[in-house]
Amino acid sequence: MNFSIDLQKPMHFAVWPIVLVGCLLLAAVLFLVIRKLVENYKKKQAEKKRLEELKKKEPVVVKPSLQELKNTYLTKLAELEARFLGGQIESREAYTELSNLFRTFIYDATGTPAHKYTLYDMRGLDKPIVYNLVNNYYAPEFSKNEKGNVIESIDFTKRAIFEWN
């Protein structure tokens, strides 16, 4: 007896269909990536153009006159003083509001963002009264022990706003 095995010839696959499918997949992926990059570029360009157009069109802002601004802030100071004298707010809170009111007045009157400035930044402004008043607010506003004289500080602030030019 002869036990021999006849092996079949190995299966033979054509390589060109596999290469063709691979190339088609690669082309599709490249197409999608390039299309996405072009879309992003177009979006960025459109946004850039829109922002440039917005810069060209500055909104018309009707600013109140300096006297109207002074009257508004003097009224706010009088309201703050009344709330303090009525016992509705404590000294520290009054100083915080006083500082915010004065800093916002400076911003509204001059466009200088004093409401974002530190005390050190205010020293660089051309108005020593701004630095002196805010410096006057600092200790009572941030110290637990320092009470300050709220009424006197409000009067100084009123005078500074009244005399502002």
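Mentor: A residue counts as buried when its relative accessible area is under 20%, and as exposed when that area is over 50%. The structure above is a predicted model, and Trp-164 is a case to start with: its relative accessibility is 7%, so Trp-164 counts as buried.

Trainee: Is Leu-37 buried or exposed?

Mentor: Leu-37 has a relative accessible area of 55%, so this residue is exposed. Leu-37 belongs to helix H1, residues 15-56.

Trainee: How do I read a pair of aromatic rings?

Mentor: Two values describe such a pair, namely the distance of the centres and the angle of the planes. Here the count comes to three aromatic pairs. Take Tyr-95 and Tyr-137: their ring centres are 6.4 Å apart and their planes stand at 55 degrees, so this pair is tilted.

Trainee: Which parts does the pair of Tyr-95 and Tyr-137 tie together?

Mentor: Tyr-95 lies in helix H3 and Tyr-137 in helix H5, so the pair ties together parts that are 42 residues apart in sequence. Tyr-95 is buried at a relative accessible area of 1%, and Tyr-137 is buried at 0%.

Trainee: What is the geometry of the pair Phe-105 and Trp-164?

Mentor: With centres 5.7 Å apart and planes at 80 degrees, the rings of Phe-105 and Trp-164 make an edge-to-face pair. Phe-105 is in helix H3 and Trp-164 in the segment after H6, so parts 59 residues apart in sequence are tied together by this pair. Phe-105 is buried, with a relative accessible area of 0%.

Trainee: Which residues form an aromatic cluster with Phe-105?

Mentor: Tyr-73 and Trp-164 form one aromatic cluster with Phe-105. Charged side chains also come into the picture. Lys-76 lies over the face of Tyr-73, 4.8 Å from the ring centre, and Lys-127 lies over the face of Trp-164, 4.6 Å from the ring centre.

Trainee: What else is Phe-105 in contact with?

Mentor: Leaving aside neighbours within four places in sequence, Phe-105 is in contact with Leu-69, Lys-70, Tyr-73, Ile-161 and Trp-164.

Trainee: Which members of the largest nonpolar core touch the most other members?

Mentor: Phe-102 and Phe-105 do, out of 26 residues in that core. Two or more residues each come from helix H2 (66-85), H3, H4, H5 and H6. H3 gives the most, with seven residues.

Trainee: Which residues of H5 are buried, and what covers them?

Mentor: The buried residues in H5 are Val-130, Tyr-131, Leu-133, Val-134, Tyr-137, Pro-140 and Glu-141. Their cover includes helix H3 (91-110), helix H4 (119-123) and helix H6 (150-163). Tyr-137 has already come up, as the H5 partner of Tyr-95 in H3.

Technical notes. Residues are numbered from 1 along each chain as its sequence is written. This is a predicted model: local features need pLDDT of at least 70, side-chain atom pairs count only at pLDDT 80 or more; totals for chains, interfaces and linings use all residues. Side-chain values use heavy atoms; hydrogens and water are left out. Buried means under 20% relative accessible area, exposed over 50%, partly exposed in between (1.4 Å probe, protein chains only). Helices (H or I, at least four residues) and strands (E, at least two) are DSSP runs, numbered from the N terminus. Contact means heavy atoms within 4.5 Å. A nonpolar core is a set of buried Ala, Val, Leu, Ile, Met, Phe, Trp, Tyr and Cys residues joined through side-chain atoms within 4.5 Å. Rings of Phe, Tyr and Trp (its six-membered ring) pair if their centres lie within 6.5 Å; planes under 30 degrees apart count as stacked, over 60 as edge-to-face and the rest as tilted. A charge sits over a ring if NZ of Lys or CZ of Arg is within 6 Å of the ring centre and within 35 degrees of the ring normal.
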